[in-house]
Amino acid sequence: MNRISFRLGMLIGFAVIVLLLGGAALRSWLVVERLVAQSRTSSEQAIQLTAAIQELAERTIDIERSARQYLVLDDPAFRQRFDEHLALSLALVDRLDTLAAEPLSPLLGGWRMVSEALKGGLENRISKGELAPLLGRLVELNGLLKQAGQRWIEAEKTRLLEDLEANRLHLGGQIALALAGAFLVALVMGWWLVRPVRQLEQAIIRLGANRFNETITVGGPADLRQLGVRLDWLRQRLSELETDRERTLRHVSHELKTPLTALKEGVALLREEVPGPLAGNQREVVDILQHNVVSLQQQIESLLSLNAAAFEARRLRLARVDLPKFMASVVQRRDFHAQSRHLKVLVEALKLDNVMLDAEKMAVVLDNLLSNAIDFSPEGGEVRLVVTRSDACLHFECIDQGPGVASEDRLRIFDPFVQGQRQAPAQRQGSGVGLSIVRDLVRAMGGKVSLLPAEKGAHFCVELPDEQ
């Protein structure tokens, strides 16, 4: 089945479903047509039966009238009329016999016997007294035929209803089986097609998260498996490009640091007037050089930090962590920073003790968030670190009382080297890679970081899977 393409698999699945449902519909149509034909035949037969019985009763009256007239007047014309009515009546009896053998056959046989006796009696010139019982018997048989005909019609109706009910249940079972079969085929085709699509989706997510160390394998249809092979080639190519990028960045940073160190030392010597005293304009130039050298050094260090974070993001070291001690160590690391701004850092981690974390990466994440929160908070304010657990996830929230993030910066605040438009109350020198490092490390831990809406200040939330 793995040799079948996606489109051919869809075509086969739809064809099987159409055959199942179409077969059930065709079977239902044939059964309905048969029942309609049976109902039409039974209705026509019932009408003919009722009409024949009614006509036989009328012919019996004519037979009685012509028989009595013949006995009274002894006229051959009345005898001929009697014979004609009797012949027509016997033809009706034969017709009734062909319409329904049961339960009319015994009565029809009796009718023939009485008619023969009546005919013989007229030939033997029987009296009126002997004629009356025979005529009465014919009338009685006509009444019995009418009742028997009604019973036969009711029996036919009952039989049709029973046949309809039996076919209804049978058709219901067939339709249920067809629907179940179609549903099963849909489930199988869905599993066969959706599973590789999910594998492709997961593979693309891993590529987007720079996780190039996991081989991409896609099953299912042949064309989707070929697409998986192409994605794995793309993974290898991206991994090579990422390795080249990191190597180039390390080399460039290293090559820049060497002359930068010499430049920094030279500027320091000039500021200390080791080569000789400086004039006013010369000192101003030296200060400008000193400022730009420091800025360039910070940019290079930021590049190295971003490169180191990208490298560390590929390694995940989960371990059981004592959460209260871990949060205390994170806050202690920024204790002097917070004291310099007269800030309180509050930690809220109720009912949480040991959790599974990559402590090293999570410490870097919280340190970057806390550093930004301290820089942007007003003096005398507070910063809250809140840790909660819900829906099999751990939530780490950092909430400050600063100016917050401008609406036009919210979509790109996690991009490298992006600094928001709103300025921090305290003087700070940053390159805008801190939140980018946070995003990369959080993704490496299988989580996500987001900026939540807040009336005042910035509210960052890190969501990690709860590996209990």
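**View 1. Asn 368 is a buried residue of helix α9.** Asn 368 has a relative accessibility of 18% and is therefore classed as buried, a term that denotes under 20% relative accessible area, with exposed meaning over 50% and partly exposed in between (1.4 Å probe, protein chains only). The residue lies in α9; helices (H or I, at least four residues) and strands (E, at least two) are DSSP runs, numbered from the N terminus. With residues up to four places away in sequence left out, Asn 368 touches Gly 434, Ile 437 and Val 438, where contact denotes heavy atoms within 4.5 Å. The model is predicted: local features need pLDDT of at least 70 and side-chain atom pairs count only at pLDDT 80 or more, whereas totals for chains, interfaces and linings use all residues. Residues are numbered from 1 along each chain as its sequence is written, and side-chain values use heavy atoms, with hydrogens and water left out.

**View 2. The largest nonpolar core comprises 43 residues.** A nonpolar core is a set of buried Ala, Val, Leu, Ile, Met, Phe, Trp, Tyr and Cys residues joined through side-chain atoms within 4.5 Å. The residues with the most contacts inside this core are Leu 323, Phe 326, Leu 357, Met 362, Val 365, Phe 396 and Val 462. Two or more residues each come from α7 (323–333), β3 (354–357), α9 (359–376), β4 (382–390), β5 (393–399), α10 (434–444), β6 (448–452) and β7 (459–465). Helix α9 makes the greatest contribution, with eight residues. Apart from this core lies another, of 32 residues, which includes Leu 92, Leu 104, Leu 141 and Trp 152.

**View 3. Val 321 and Phe 326 are in contact.** Val 321 belongs to strand β1 (residues 319–322) and is buried, with a relative accessible area of 9%. Beyond four places in sequence, Val 321 touches Phe 326, Asp 353, Asn 354, Val 355, Leu 357 and Ala 359. Asp 353 is 32 residues away from Val 321 along the chain, yet their C-alpha atoms are separated by 8.2 Å.

**View 4. Five strands form an open sheet with mixed pairing.** The strand order is β2-β4-β5-β7-β6, and two strands are taken to pair if DSSP finds at least two bridges between them. At the edges, β2 (344–348) and β6 each pair on one side only. The twist averages 15° from one strand to the next. Strands β4 and β5 run antiparallel and are joined by seven bridges; Leu 385 has Cys 398 of β5 as its bridge partner. Helix α7 lies across β2, β4 and β5, running at about 155° to β4; axes are lines fitted to C-alpha atoms, for helices over the stretch in contact, and angles run from 0 to 180 degrees between N-to-C directions.

**View 5. Asn 142 is a buried residue of helix α4 (residues 128–208).** The relative accessibility of Asn 142 is 9%, so the residue counts as buried. Neighbours within four places in sequence aside, Asn 142 is in contact with Ile 53, Leu 56, Ala 57, Thr 60 and Trp 111.

**Whole chain, for orientation.** The secondary structure comes to 10 helices and seven strands, and buried residues make up 38% of the 468 residues.
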